[in-house]
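Dear colleague,

I am passing on the structure below, together with some notes on what was found in it. Please read the notes with the structure open beside them.

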Amino acid sequence: MEYAILNGELIERKDAKVDIEDRGYQFGDGVYEVIRVYNGKMFTAEEHLNRLSESCEKIGLNPGFTKEELKTKLEQLIGKNKIGFGTVYLQYSRGISPRNHAFPGSEVPAAFVAYTREAARPEENMKSGIKAILTEDIRWLRCDIKSLNLLGNLLAKQKAAQSGCFEAIQHRGHTVTEGSSSNIFIVSGDKLVTHPADHFILNGISRQKVLEISHENDIPFEEKAFTIDELLGADEIFISSTTAEVMPVIGIDGSPVKNGKPGELTQKLQGLFLEKIEKECGSIQTGALNS
C-alpha cells in the first residue's frame with residue numbers, strides 16, 4: 001500500500017484527489033519542491049524547505065505549516081512508503097476557491113500535497129555524460145520562484161527529447177541562463193562559471209552545494225553571466241540538479257564538448273558531491289536502489 005499527504009493528513013495515495021477548483025490546477029497558482037532521498041533520508045532537506053518558504057513568501061502564500069512540521073510529515077511519509085532511494089515531491093497551491101484571477105481571502109487555506117517515488121541514482125549518465133541542445137529561453141521573468149508554472153520548461157525539455165538529448169540549455173539572446181530542469185556550469189581553464197542567482201534562474205540546491213564544495217576545496221569559481229560562444233568554447237560543461245547531481249555534458253547541438261568525454265574537474269566534483277551525500281545520508285553502494 002502506498003501513501004501520500006493531502007492537507008497534512010497521511011492517507012492512501014489512491015484517495016489523494018485534487019478539487020477541480022484548486023488554484024494550482026486552474027492557474028498554476030502555487031509552488032513546489034523535489035527532495036532527493038538516499039538510504040531513506042532526505043538530502044539537503046533544510047535547504048529545500050527554506051527555498052519553499054521563500055517561494056511561498058514571494059507569491060504571498062501562507063503555507064500553514066512550519067518547516068519543522070513539514071520535515072516531520074515528510075519523514076513519516078518516506079518511512080511509511082519504505083523509500084530507500086528516490087524522491088519526495090511536495091507542493092502548495094493557494095487553495096480551493098471559485099475561479100477568479102484575484103487571490104481568494106485569507107479564510108481559504110492553502111492546499112498541500114506530497115508523495116514519494118523510487119528512483120536510482122543516474123550512475124550511467126553521470127559516468128558517460130549526456131547530450132544537450134540550445135534553445136531560446138521563453139519563460140517568465142521570475143524564474144527564482146519555484147512555481148507550478150512550468151510550461152516553458154516543458155516545451156524546452158520536449159524539444160530536447162525529440163532531438164534525442166537529455167537536456168535543453170536555455171539562453172536569452174546571447175546569454176546562457178539555465179537548463180529546462182537544471183543549472184548550467186562551464187569550466188574555463190581551472191575556473192567554474194555559472195549564471196548568478198538572480199530572477200533569470202532558479203537558485204538550485206545542488207547548484208549551491210557545488211559552489212559550497214568549490215569554496216571548501218579551493219576550486220576557483222565565479223557567478224557571472226556567460227555567452228553562447230563561451231559555452232561552446234568551454235573546456236568542460238556540466239549540469240546540476242536534485243535528481244542529476246553533477247552530470248557531464250559531452251555534446252551540444254550535435255557537436256562534442258572538447259573531446260566528447262566528461263572532464264577531470266567535473267569528475268572531481270562528482271566525487272566531492274557524493275561525499276556530501278554520504279556525510280548526510282550514509283554510505284551508498286554502486287547500483288543501489290532500495291534497502
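Cys165 counts as buried because its relative accessibility is 18%, where buried means under 20% relative accessible area, exposed over 50% and partly exposed in between, with a 1.4 Å probe and protein chains only. Cys281, at 3% relative accessibility, is buried as well. A disulfide is taken here as a pair of cysteine sulfur atoms within 2.5 Å, and by this rule the count comes to 0 disulfides.

Please keep in mind that this is a predicted model, in which local features need pLDDT of at least 70 and side-chain atom pairs count only at pLDDT 80 or more, while totals for chains, interfaces and linings use all residues. Residues are numbered from 1 along each chain as its sequence is written, and side-chain values use heavy atoms, with hydrogens and water left out.

Turning to the sheet, 6 strands form an open, antiparallel arrangement in the order S2-S1-S6-S5-S3-S4; strands (E, at least two residues) and helices (H or I, at least four) are DSSP runs numbered from the N terminus, and two strands pair if DSSP finds at least two bridges between them. Strand S2 (9-12) and strand S4 (41-42) stand at the edges with a single partner strand each, so one side of each is left without a neighbour in the sheet. Strand S1 (residues 3-6) runs antiparallel to S2 and is joined to it by 4 bridges, and Leu6 has Glu9 in S2 as its bridge partner. Helix H2 (residues 45-58) packs on the sheet, where it touches strand S3 (30-38), S4 and strand S5 (86-93), and its direction makes about 175 degrees with that of S3. Contact means heavy atoms within 4.5 Å, and axes are lines fitted to C-alpha atoms, for helices over the stretch in contact, with angles from 0 to 180 degrees between N-to-C directions.

Among the helices, the axes of H6 (residues 205-216) and H8 (residues 264-281) come within 10 Å and cross at roughly 105 degrees. The residues that make this contact include Val210 and Ile213 of H6 and Leu269 and Phe273 of H8.

Finally, Leu231, which is found in helix H7 (residues 228-232), is buried, with a relative accessible area of 0%. Leaving aside neighbours within four places in sequence, Leu231 is in contact with Leu134, Ile169, Val176, Ile184, Ile186, Phe226, Ile237 and Ile252. Leu231 and Ile96, by contrast, are 135 residues apart in sequence and 44 Å apart in space, C-alpha to C-alpha.
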